[in-house]
Amino acid sequence: KGDAAAQKQAEPAVLQPTPQPKDDFQEELVVRPLHSGDIYASFQFRTLWETDFMRGNKVSHYRLFPKSLGQVISKFSVRELHISFTQGYWRTMQWGQPYLPSPPGAELWVWFQDSVTDVDATWKELTNVLSGIFCASLNFIDSTNTVQPSASFKPLGIGNVTDHRFLRYATLPREIVCTENLTPWKKLLPCGSKAGLAVLLKSEKLFHSSFHSQAVHIRPVCQDWQCKTTSWELRQTLNVVFDLHNSGQGKREWSLFKMFSRTLTEACPLASSSKIYIDITDNPEQFELSPATSLLSQAMVLGDRRTFSVYDLTQQDTFGNCTPFCDMLRPLLHAERYVAGYGLQTGEIHTLMYNHHPYRSFPVLQLDSVPWYLRLYIHTLTVTSKGKDNKPSYIHYQPSKDRVRPHLLEMLVQLPPNSVTEVTVQFERALLKWTEYTPDPNHGFYVGSSVISSLVPSTVAMDTNSTRERPLFSSFFPCKEESSYFVRVYTEPLLVNLPTPDFSMPYNVICLTCTVVAVGYGSLYNLLTRSFQIEEPSPGLAKRIANVIRKMRGVPPL
Amino acid sequence: MGLLSDPNRRRALINLLTRLNAPICGMPVEWLVKTMQARGLEVYTQRFSRTLPFPDENKERYMVKGTNVYGILRAPRAPRTEALVLSAPCTPGDNNNQAVGLLLGLAQYFRNQIYWAKDIIFLVNDHDLIGMQAWLEGYHHTNTTGMDWSPLQGRGGSIQAALSLELSSDVVTSMDLVLEGLNGQLPNLDLANLFYAFCQKIGVLCTIQGKLQRNDWDSVSGYSHAVQTMMLMVMKQASGRPWGDHGLFLRYHIEAATIKGINSFRQYKTDATTIGRLLEGMYRKLNNLLERLHQSYFFYLMPSLSHFVSIGYYMPAFGLLAVILLLRALDLWVQLATPPPTTEDGIADIDPGVLSVLTPLVISHLTGAALYMLPIRFQEMAVEHFPVSETEAVVLTAIAVYTAGLALPHNTHRLLSGEGTEQGWRVLKLVALLYLAVLLGCTALINFSLGFILALTLVPGAAFVTPHVPKVLSAFVLVILSPACTLLFSVFFFQELQEMPVSFLDGWLLYLSVISQGILDHFLYGSLVYPLIALLVYPCWLLFWNILFWK
């Protein structure tokens with residue numbers, strides 16, 4: 001069989017010496033002390049499986065790969081699936097770039113195989129299935145919040161099909177993430193939360209943090225540099241930022257136990273690699289790690305060469321605290337967004353994109369998906385940087401249809417060096433039908449984050465060899481050239497108030513009218529329809545008998 | 001509630017307060033930035049500058065330059081969509097240092113709590129209302145008044161509620177709640193209820209309009225006390241000016257109130273910790289809100305902090321006044337519809353012509369436009385030719401234009417060829433009555449108090465005036481009931497209500513400064529009272545004046 005041949009060729013690239021593994025599991029934790037004093041912990045779990053879900057024969061034997069996701073891939077002909085649940089907003093200016101960006105709320109984007117005929121129906125079904133798997137409200141994804149971005153979301157795995165007819169992208173900015181989402185996510189891991197790094201994932205501490213994000217990424221990847229064999233990669237990531245200010249009582253000291261209230265005792269027995277990286281790049285002399293490790297590793301991540309202390313859990317190590325305090329380089333790309341104006345008729349969405357690079361300009365792709373009830377006036381779209389008009393070199397705009405689909409606006413904008421680029425567009429607030437309001441209409445309506453994707457010039461040469469063994473956190477976005485790296489930035493979601501009727505008033509009116517109808521009309525109707533007649537008391541037995549006799553005689557009754 | 005229950009925190013707050021008591025020249029921007037940063041906030045500043053249309057003699061400012069400092073406490077795991085604001089104006093001198101100190105103390109305490117679901121913005125605004133206006137315009141990226149400000153760097157999403165803190169003296173015996181905002185807008189009544197509930201819970205003396213609540217509603221003195229409190233609210237609301245920094249938030253649909261610490265020389269003193277607990281309680285309540293405050297009333301008058309008069313009760317009073325105008329108009333309509341008795345002179349009376357109605361309308365509105373434009377335009381010229389300051393020039397020009405308008409009937413007749421007819425004044429009065437009714441109705445919907453006071457003074461004159469009433473007496477009554485005299489009486493009445501009666505001369509000076517403040521409020525914050533009076537109410541009154549002198 002072809003599989004066996006491919007397996008042989010793939011052998012040199014396979015990482016671990018277990019006998020002929022067709023699947024492989026790695027786990028990894030990166031801890032980065034942030035210059036704001038917070039601690040960023042990023043978990044990555046990767047399962048690789050060399051199989052083909054799309055072949056006619058059903059895949060039925062699952063070892064490390066979760067069966068629920070495998071079935072989803074084969075049933076819905078999914079080529080790539082990316083789903084993230086995030087609680088909180090990543091503060092780029094304080095924390096730098098995350099290893100894996102995600103917008104507040106839930107985000108889902110899927111590339112389907114080109115064999116799928118009815119993409120919309122498949123998408124609908126898929127979101128409902130995922131909603132069950134992850135215990136989230138993904139079933140609220142429908143045509144009014146789904147878009148087909150033309151350029152912003154390219155496939156991250158192998159494959160050349162870039163026809164965006166097979167892409168669907170949706171966000172639910174209001175989705176709240178909590179333990180019920182974490183538990184099904186943990187169940188997808190081969191060791192569950194029984195052993196390995198996942199032991200640390202206790203919800204009482206994870207949700208006592210400044211930022212929490214969990215994600216699942218499924219994509220096909222190459223096994224070797226020639227890409228002769230492909231395998232499916234399932235990457236589960238969990239990012240969390242702990243606020244030391246709250247818990248540390250002023251001391252900048254942390255340990256795994258303090259953060260997670262658990263310690264590590266063993267690696268996951270199924271894992272081929274289980275590592276902890278501590279970012280000690282900034283001011284290493286101020287760090288004091290205990291236990292000390294001699295393993296140092298350098299990695300190019302996000303345009304920067306970072307140094308890490310590595311702990312290999314397969315060698316029975318545990319470690320304690322360290323005391324960092326350091327400055328961090330400013331993120332080169334940063335964006336924010338807000339609603340301007342007042343009143344409930346019109347408004348203006350302002351998006352600010354900052355390029356902090358001192359001398360390089362670079363292009364960014366901005367993607368905005370705005371619900372239909374904000375009617376964008378696209379003729380008022382302006383892009384200015386440094387006080388001058390900045391004409392986007394590419395604009396893809398799909399107008400909304402009321403109650404059917406949202407606005408989609410994609411632009412390619414060149415950001416001049418060391419500048420702020422402001423994108424403004426005016427909108428009108430639509431008046432909804434009364435059944436379309438949410439149960440809490442005075443809270444406002446959410447507009448999802450705008451997505452800014454860019455290849456940012458790098459200060460160090462990036463590693464373009466995709467098959468070389470690298471830490472997981474630095475190898476998610478494929479890197480095509482040495483001089484730049486891929487960054488995706490999400491702005492904050494917007495909360496917009498729409499003109500809202502006073503819903504308690506109709507309620508009062510309904511109560512009142514019902515009472516009036518019931519009492520007034522009811523009694524009147526009763527009076528009008530009832531026929532009145534004088535009822536005589538029933539005659540006594542003697543009288544009745546007398547009447548019968550009189551009737552027989554032909555005399556009128558008494 | 002554990003605010004400042006531990007002695008270390010209390011000591012830190014006291015240190016802070018004593019340090020702040022040292023006199024400061026201007027706002028210590030750098031110190032504030034550093035202090036807020038040390039408390040773990042994201043700190044930003046905003047510079048602004050504004051040249052006033054003419055010098056403000058009350059606050060002694062003309063070219064204003066300042067810097068707002070604000071720190072954002074980011075709520076954990078919140079996506080930056082909602083925010084609350086706590087602001088304290090920082091004026092040169094040590095007027096409000098207690099409030100700034102308390103704000104910083106609260107920031108430090110709030111930072112260590114984990115229950116925040118909305119970002120909290122701690123704002124120290126320079127030059128009180130002007131700084132607040134600059135900050136709000138910057139936050140919402142609007143520019144309604146032509147102020148220069150630098151754009152804001154950090155935001156916290158849509159602001160749900162705001163409180164402004166003013167502690168004018170070191171010793172605080174009671175807390176006063178100020179609700180009246182720009183153009184007579186009021187925050188949702190639930191905000192007032194929240195304040196009252198927490199004051200009761202913590203045991204702080206709380207007042208509204210500086211007046212304590214009395215429980216003897218049935219007695220005459222208790223009733224008159226409540227009426228006094230309510231009249232104060234009516235007067236303040238009618239003025240249309242923001243009576244605290246919160247007043248400017250209301251334009252942006254942000255529920256806001258000012259909390260003032262007042263020293264009324266009582267035995268019982270309230271310390272900073274208690275005020276802190278009060279604010280903590282209010283912010284935790286606001287933090288728990290799922291929706292904006294919307295359940296309760298937006299239109300109300302408060303005779304005491306725990307009672308209110310809802311729109312359903314006070315609107316009929318205005319409605320009855322407005323009905324007078326409509327009935328008079330109906331009466332005139334009927335009179336006009338019936339054919340005039342044919343006189344021996346012929347039928348010259350029948351057609352009054354459009355011109356005889358349109359001319360007074362246009363001329364009186366031109367006078368109104370002059371009243372709106374000239375005072376600011378001609379201040380320089382006036383200063384050159386007369387020995388007055390710019391502010392006096394503006395106010396006196398306004399009064400002069402107003403008085404000159406009284407000569408209008410003379411001018412109208414000069415333009416009108418021929419005599420005004422009997423039918424003519426009837427048509428004009430019909431138009432004027434309907435005009436006034438619409439005007440007052442719209443005003444009362446936006447700002448009830450202003451509409452009501454105007455109705456109270458304008459409706460009697462409008463109802464009785466005809467060319468056939470005794471001229472001198474009627475003219476006197478009409479002038480007494482004109483908007484300018486109403487304002488003068490309001491000034492005296494307001495002082496009387498506040499139990500600070502003034503002599504006539506002081507009252508006159510106060511009157512002049514109120515006019516200048518009104519004009520400034522319009523140009524600085526967009527208050528609508530001055531243009532409303534100058535462009536609409538005054539011309540309307542002139543029409544009736546015109547009818548009186550109809551020939």
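Let me begin with a term: a residue counts as buried if its relative accessible area is under 20%. B:Cys485 has a relative accessible area of 19%, so B:Cys485 is buried. What we are looking at is a predicted model.

B:Cys485 takes part in no disulfide, and the nearest cysteine sulfur belongs to B:Cys540, 17 Å away. B:Cys206 is also buried, at a relative accessible area of 8%. B:Cys206 is likewise in no disulfide; here the nearest cysteine sulfur is that of B:Cys199, at 4.1 Å. The cut-off for a disulfide is sulfur atoms within 2.5 Å.

How many disulfides are there over all chains? The count is 1. The bond joins A:Cys191 and A:Cys268, with 1.7 Å between the sulfur atoms. A:Cys191 sits in the loop between helix 5 and helix 6 of chain A, and A:Cys268 in the loop between helix 8 and strand 9, so the pair ties together parts 77 residues apart in sequence. The torsion about the S-S bond is about 60°, so this disulfide is right-handed. Both A:Cys191 and A:Cys268 are buried.

Now the domains of chain A. The assignment gives domain 1 as 46–253, domain 2 as 333–496 and domain 3 as 503–528. Over C-alpha atoms, the centres of domain 1 and domain 3 of chain A are 53 Å apart.

Last, a sheet. In chain A, 5 strands make an open antiparallel sheet, ordered 12-13-19-15-16. Strand 12 (333–340) and strand 16 (388–389) are the edges, each pairing on one side only. Inside the order, strands 13 and 19 of chain A pair in the antiparallel sense over 10 bridges. A:Asn355 has A:Ser419 as its bridge partner in strand 19.

Definitions and conventions: Residues are numbered from 1 along each chain as its sequence is written. Chains are lettered from A and ligands numbered from 1 in the order in which they are written. This is a predicted model: local features need pLDDT of at least 70, side-chain atom pairs count only at pLDDT 80 or more; totals for chains, interfaces and linings use all residues. Side-chain values use heavy atoms; hydrogens and water are left out. Domain bounds come from an automatic or database domain assignment. Two strands pair if DSSP finds at least two bridges between them. Helices (H or I, at least four residues) and strands (E, at least two) are DSSP runs, numbered from the N terminus. Buried means under 20% relative accessible area, exposed over 50%, partly exposed in between (1.4 Å probe, protein chains only).
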